Amino acid sequence: MSLPVPSSDALAASHALQHLIAADIERNAGAISFARYMELALYAPGLGYYSGGSAKLGKDGDFTTAPELSPLFGAALARVAAAIIAQSAPNILEFGAGTGKLAFDILSELRAAGVKVDAYYIVELSGELRGRQQDQLRDFPQVVWLDALPAAFDGVVFGNEVLDAMPVELVIKHPDGWQALQVTVDDGRFQYLETPASPALLAQVARQIPEHELLPAGYVTELHGVACGFMATLARMLDRGTANAAFLFDYGFPAHEYYFDQRVTGTLMCHYRHHAHPDPFYYPGLQDITAHVDFTAMALAAQEAGIEVLGYLNQSGFLLGAGIGELLLRTDPADAMAYLPQARALQKLVSPAEMGELFKVLVVGKGVELPQAIVLQDRTHRL
């Protein structure tokens, strides 16, 4: 791979994390699950990708998210939030708020529209990102940072690219069944180690992967146990409330599109300085590690924990239903310097060739109705 060379400080941090992971492997008889490796690589205190001090988002980071592309994204979400708040409570909760740009755009739009927000809660694991959020949102005193979910919640929940960063297990199909891909150390390098899949992993394979027995030998894929657990916890929080809706934006597929013969290497991907590559062992702590989301598994986990699936649609249908086209027209098309960058950003957000189709929106909650323009784009039947 031809990737940018890390700084000496970044290399030192990565080496420290590698030693920490290697010690964890040694304590566990020479191998750990891939989910444990991914957890440490992303979230080890002070050293993991999300808990360390490096920039994550924007031109100086490793990837760009929808809120960073255009304030139109947050303004469109604010319109939907206002519709839900009118049926529930003036509270918003956001998971993994990045630089704080989405919160800023939502709160700015709601303030301009005269919609009151009593509290905007942010659950953020990254100390570096929390600091950026506090600076970005200093003019909004209703913003409160939380370390854990409240017991119950009424209002609106947003999670943009949260599920894809949750640790996954890796499994590989053999002629005689499924094996787990664990992580070991060989000659100072992290490597995969195939081991017999536990009964719990085999049960998850059977539950998550349609017709798994028909997939070819050598097929590698992800199991999303952590994300399913998160969805169950979120659903229980919502179920204890009376009226709410959670909107989860991410790239992924329903199960019948996720697991098919040609996707033989799975969806695991890493992001480093705006380069995408498949090697999760490249400089741990300096790169993001993600997997596409199995939205069928997420919906089932929410339903089984007692909450309703209110909608499932692609990002294009959601944003167009939320009125993002009308929001663009608040900028005069005659003012090319202002209009064209926003028009290009909107095209990236909604085009099927860009983020419009790959990114999906799963909506779960209770006691509220989605705006009719969004309901018309619903694809829940495809889950």
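**Exercise 1. Determine in which sense strand S2 (residues 91-95) and S5 pair, and over how many bridges.**

Solution. Strand S2 (residues 91-95) and S5 pair in the parallel sense over four bridges, where strands are DSSP runs of E with at least two residues, helices are runs of H or I with at least four, and both are numbered from the N terminus. Two strands are said to pair if DSSP finds at least two bridges between them. This is a predicted model, in which local features need pLDDT of at least 70 and side-chain atom pairs count only at pLDDT 80 or more, while totals for chains, interfaces and linings use all residues. Residues are numbered from 1 along each chain as its sequence is written, and side-chain values use heavy atoms, with hydrogens and water left out.

Next, look at the position of Phe95, which stands opposite Gly159 in S5. Then turn to strand S10 (residues 244-253), which pairs with S5 in the parallel sense over six bridges; here Val157 has Ala246 of S10 as its bridge partner. Finally, consider how S5 (residues 155-160) is covered: six of its six residues are buried, that is, under 20% relative accessible area, with exposed meaning over 50% and partly exposed in between (1.4 Å probe, protein chains only).

**Exercise 2. Find which residues have the most contacts inside the largest nonpolar core.**

Solution. A nonpolar core is a set of buried Ala, Val, Leu, Ile, Met, Phe, Trp, Tyr and Cys residues joined through side-chain atoms within 4.5 Å. The largest one has 50 residues, and those with the most contacts inside it are Leu77, Ile92, Ile106, Phe158, Phe247, Phe318 and Leu319. Helix H4 (residues 71-85) gives the most to this core, with ten residues. Taking Leu319 and leaving aside its neighbours within four places in sequence, one finds it in contact (heavy atoms within 4.5 Å) with Phe73, Ala76, Leu77, Ile324, Leu349 and Val350. A second, separate core of 33 residues includes Phe95, Leu248, Ala305 and Tyr312.

**Exercise 3. Locate Ala29 and Asp187, and decide whether each is buried or exposed.**

Solution. Begin with Ala29, which is found in the loop between helix H1 (8-27) and strand S1 (32-33), and whose phi is near 60°, a positive value in a residue other than glycine. Ala29 is exposed, with a relative accessible area of 79%. Asp187, in turn, is found in the loop between strand S7 (177-186) and strand S8 (189-196), and has a positive phi of about 55° although it is not a glycine. At 76% relative accessibility, Asp187 counts as exposed.
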